[in-house]
There are 4 protein chains.
Amino acid sequence: MLNGEKKISRPLRWGMVGGGRLSQVGYKHRSGALRDNTAFQLVAGAFDIDPDRGRDFGVNIGVDANRCYRNYQTMFQEETRRPDGIEVVSIATPNGTHYAICKAALEAGLHVICEKPLFFTTREGLEIKALAEEKEKIVGVTYGYSGNQMLLQMRAMIEQGKIGEIRVVELQYTHGFNATDKADKISDAQKWRVDPKMAGPSFVLGDLSTHTYYMSQLIMPHMKIKRLLCDRQSFVGSRAPLEDNAYVLIHYENGAVGRLWTSSINAGCMDGQRIRIVGSKASLEWWDSQPSELKYEVQGEPAQTWIRGMPYLDDQCIADERLGALHSEGLTDAWANIYLKFAVAIDAKKHGDEETLSRLIYPDINAGIEGIRWIENCVRSAENGSIWVNYEKTYEISEQ
Amino acid sequence: MLNGEKKISRPLRWGMVGGGRLSQVGYKHRSGALRDNTAFQLVAGAFDIDPDRGRDFGVNIGVDANRCYRNYQTMFQEETRRPDGIEVVSIATPNGTHYAICKAALEAGLHVICEKPLFFTTREGLEIKALAEEKEKIVGVTYGYSGNQMLLQMRAMIEQGKIGEIRVVELQYTHGFNATDKADKISDAQKWRVDPKMAGPSFVLGDLSTHTYYMSQLIMPHMKIKRLLCDRQSFVGSRAPLEDNAYVLIHYENGAVGRLWTSSINAGCMDGQRIRIVGSKASLEWWDSQPSELKYEVQGEPAQTWIRGMPYLDDQCIADERLGALHSEGLTDAWANIYLKFAVAIDAKKHGDEETLSRLIYPDINAGIEGIRWIENCVRSAENGSIWVNYEKTYEISEQ
Amino acid sequence: MLNGEKKISRPLRWGMVGGGRLSQVGYKHRSGALRDNTAFQLVAGAFDIDPDRGRDFGVNIGVDANRCYRNYQTMFQEETRRPDGIEVVSIATPNGTHYAICKAALEAGLHVICEKPLFFTTREGLEIKALAEEKEKIVGVTYGYSGNQMLLQMRAMIEQGKIGEIRVVELQYTHGFNATDKADKISDAQKWRVDPKMAGPSFVLGDLSTHTYYMSQLIMPHMKIKRLLCDRQSFVGSRAPLEDNAYVLIHYENGAVGRLWTSSINAGCMDGQRIRIVGSKASLEWWDSQPSELKYEVQGEPAQTWIRGMPYLDDQCIADERLGALHSEGLTDAWANIYLKFAVAIDAKKHGDEETLSRLIYPDINAGIEGIRWIENCVRSAENGSIWVNYEKTYEISEQ
Amino acid sequence: MLNGEKKISRPLRWGMVGGGRLSQVGYKHRSGALRDNTAFQLVAGAFDIDPDRGRDFGVNIGVDANRCYRNYQTMFQEETRRPDGIEVVSIATPNGTHYAICKAALEAGLHVICEKPLFFTTREGLEIKALAEEKEKIVGVTYGYSGNQMLLQMRAMIEQGKIGEIRVVELQYTHGFNATDKADKISDAQKWRVDPKMAGPSFVLGDLSTHTYYMSQLIMPHMKIKRLLCDRQSFVGSRAPLEDNAYVLIHYENGAVGRLWTSSINAGCMDGQRIRIVGSKASLEWWDSQPSELKYEVQGEPAQTWIRGMPYLDDQCIADERLGALHSEGLTDAWANIYLKFAVAIDAKKHGDEETLSRLIYPDINAGIEGIRWIENCVRSAENGSIWVNYEKTYEISEQ
């Protein structure tokens, strides 16, 4: 169990790009990173495209006014000059800016933590990966939900053979907040999400399903997609070509099949993500509206509910526990788990501790690239008439 | 509300083919038909392929030993000679026998109530439909679950515009009782289900999904399928070519999309059917593991649960209520509703009351044919590589 | 599993007092008794205080007009003269009439099945018990919910030590349909329930809690009440002195404690009964809004849900199964189970088969008397200032 | 909505007594207080009765080794000498030490935040209240769960008349972790809880039910207890006279009735707290195992579920929202809400801003005293034979 005691020698000096006053996700980054003040310290930021608002905000959350910058370029320039400059930066800006900021950060010698979907193309992803390797820096991706330790429980149970061989994978991340186009018109955060220039080649596939897809890989690291078929729609027409609803069918290499549904027009749905893994003996099911519960259903036996915080859980799951059973944890705790692992990864990287890095399970650059790959393959299928396509490693290259 | 008082002038004289001692579904037929003794009276039967066991069983449920026949042919022959002979027969035998028995029954001048899937081909369905019209007889199909009155509530709410325009249709009928091949080897009822000669061109698509598909049509009579894609698997290999798991993607003519999942290898799943209809304003969701509850989720408002038996429900729903709120109804009540409608239809047919017939909502011959059509289209897609196929009215003919 | 085959040599000739067109519970009696037509045949009735309406109703459910009587006295007189007269009668009339009708029925040589609460006083109960013994007749009491076989599962698990020693018993039967006095004014069925002359010394204690109390005894036959305290209220003042809400605290002889809450003003509550038995190792919980599920919670282990119809259940539970897992059963099935046991008991009594009688678990005259005893003790506590009172076997006598 | 921006001019300098490495609750204090680093800064501590372990721990969570003190006396002495000394201290030690530490802290001129139950007697509570007033200091009590904003939603809905007049109050805080005496023997945190010298006159009444009782007052501030009856047990005998299970019956001054069940032997129960408030028109129900959901059940209408983070909620509820709908909040968020209000209260007190103080809803010294009063009255009833007792303002005085 975690209680806030340090996992690395000292907190990392941390800055943010974006995530200011109007950002909902920015607060999740801070809540995760600063949970215990033993992993990160927020010392600088370029929080807003409106520099004055950004400075005011930064000061209000305790950042020195002099280190509230007008843009990320200035921040990287100034901070790298300081002996106490930031070591790591989080990027919580619209998708279309991730690549440039990420590249600049790495070139400035910073570790990077970036929002999903990471970039627009796997080619960009591979380029940044090469740059990170060259610079010996970590790139983490904030698949925030994936920090829920019950997912590690699922992973452990599958690895232990508790469900048998995997046959069917059901993935869902849907909500209904964009059932009408109202949000597109009012909210800045929603406006750019349906603009291909800022959002990239997808809306909900990138914005929502990359989380769930990553979580499926976290749970079942051995499961590789062989081919898929994606059927996507823009029920609010103004969003076309970007989809507000998509269905994906999946064939895995081991013969298993899967489905994913992602939507922002699933009116009234408040469950967010649902994951069900069906094996030859039993199934596991987790919903993020009840994040402390894991259904374990062995065919022919009473259904079981495994509950967060209990001693019968796997060591890997308990290691990320903070509050103990009966005490509800939420998304903030999941983000704190992710951010703590980013800190440990960065610390290990700094010390060349490759063993720690090799054992650490967290959403790294590869997970970020895989998310882009997922989108690319889905979009390619959808744009070709919702047909089956082989799951290509690098879409652009393979297309040539 | 129903309380058992007669809806037709006198109970119909009723016989059964199949449904004997070893049949699980036979008891559902009897429980439904004989609920109040005012719609049907069981007076004859050819209950079993083992005539002695069939006679013993018949006597044990109160049928005169002389009217427990060795096979359906004898029953039809003998009963038609009697002045008090049966007027209607229910067929609860393996799929592969439906067509012949149904035809013989109609030719013997009987009304028919038959298990699903009705026959193997729509061609057979159209032929039997023509025969029934010629003979002026009713053919009902026992989509038993569809008698749950909460489905009529969904139908009414959709018709009243309470969810807006339909966008997404989620259908599911899965269980895990065939996760291994054990059942195929032990249970006679399961053995024939995976034998194409007796089961027809599908296993779970026919055995399970025809129920859910009919229910979707009951709820949304205006929704027509334009094209679909079916991906099916035989996770227990000995079942091939018949599937124990299938995914279907659907495009409706109005632009809505849908999915259906049917499976008998969804290990540990005990929910049976789940139906979710997403509209532009709200969604409706019903699970048959909680058959008295209907979720009505208006986007942006508190979620609602509408509960069976309550006065706020639609008249059509309340009309089929038997016990009142707080008092759980189950599948027996649903079958009783269906069978009562069969009786009313037969009675109306006898009296040439076409007005009653035109208003009556029940699973008739057309619903049976539509079920076969659904299977044919699914199988056609699956066999051609799980591709999109236009939804054809009559598969065989369209294939020529 | 039950499938409708006969359990006794021939169906019993059965009549009803009350339970006519306006009665909600009458239909439950008929649905239970006539489920399979192998236990009872309805051949006579005095269905209504309005004889014409009663006759019309009787004919409508298939009873010979000549055997639809103007009152129970006439029915008993006429039927006893017939060679094919009724052998058993069900009484579904207001509480205040049970004693007289029951007495008359026994004196006419009939077996009796009577609604709860059986009579107003245990003294009446003991008198009728003596009369039934003298006449060698069965008196059954329609605690209808108690026919749910999952209660037998609870009984078996407790007997097998699966929860350890019982410590805490939580009982609840509440609804909100009488939150206002509207029902008292409109519905005849509700009017008499708040009139002490017809209802007896209690409203919800008798009308609701006797069910749950009986079920608790069915589940835990070894648990005896040592003392109790009852606090009752009439939130709708016109109901005083009869209560529309009551709390009971219980001390059992083994040191366990318990609570019961019964109410008809629990606004919006649609769960009906809830039973939780806490043992030293584990708990069992059942709600009648989800009658197919039994929660089994072992301290320190994953929570379990045991589901109706599954092979892992106890033999006693499976013996009363009708539809099989995945197929919802409801209150009608529970009533059918109770009525079938009444038939078996009557048949055994007729044949002097005391061994069958001694093994049969069903709500008999003793269960009926115990229900009255429960009410008497609760009312005595409440009327004396909601104080602790020793649980007296016969209130009136012990008071002298 | 909250996003971490400062609510007071600068963070308060904060110290802790107790809450060290072995303390589960200490981490909750820190997670709540330090959520955003804009309300509190942890600068000192006497974290442990083992001073070395305490210092090591303090350093590990970022406290200067020189300000990790061997005991609270030294901390108060040293810190008051520093110009940058602590302004406020949190006390997370066994109950028996609260009074002395609290008194010392106030005398040292510190604001105080203290665990519940606050002290052993209301007399102590009144004395400390007088001292706090004299010193012009805030005393806050960490009823941590009460920070869940859905409780404010309940408060608002009740105030707005949405459930009518309150009739029945159902309160529960139970778990099963002490079903055996194992925990008493192994865990230090549990050992003292069953030792009257450290725990005071109760175990679960103080440890658990004071939370729920406070929450009931938060939700229904106008409801005053007139009399109560408490029946308590020690199912694990070694805990006597302290109870591991207790039932309380309540009569409110307005005629409403209530019950509370608190237990640590409710084997397998993982729901923690449940609160149901029944009004004349509707009921509200909240469970802390599903802290984002509020059931609103209007009699005669579909049941509603109001969900955290949605715009339809009351302003007071939304004001404490952090993550937004679909994003689960947990106990950490509730503690953060409470601690933020402590900070605002302290800041207002410092500035003599009595208007802010009068509007602020948080668990203050009066709430702490009321918790003791609750225990005293319950214990008095239980010790006198589980009888009804008038709810006395100050037990000890009234007894003279």
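Author: Trp14(B) counts as buried, at 0% relative accessibility, where buried means under 20% relative accessible area, exposed over 50% and partly exposed in between, with a 1.4 Å probe and protein chains only. This is a predicted model, in which local features need pLDDT of at least 70 and side-chain atom pairs count only at pLDDT 80 or more, while totals for chains, interfaces and linings use all residues. Residues are numbered from 1 along each chain as its sequence is written, chains are lettered from A in the order in which they are written, and side-chain values use heavy atoms, without hydrogens and water.

Tyr339(B) is likewise buried, at 1% relative accessibility. The search of the whole structure finds 60 aromatic pairs over all chains, a pair being two rings of Phe, Tyr or Trp (its six-membered ring) with centres within 6.5 Å, called stacked if the planes are under 30 degrees apart, edge-to-face if over 60 and tilted otherwise.

In chain A, the rings of Phe40(A) and Tyr339(A) have centres 5.3 Å apart and planes at 85°, so this pair is edge-to-face. Phe40(A) is buried, with a relative accessible area of 0%, and Tyr339(A) is buried at 0% as well. In chain B, the ring centres of Trp14(B) and Tyr339(B) lie 5.7 Å apart with the planes at 70°, so that pair is edge-to-face.

Back in chain A, ring pairs join Trp14(A), Phe40(A), Trp335(A), Tyr339(A), Phe342(A) and Tyr362(A) into a cluster.
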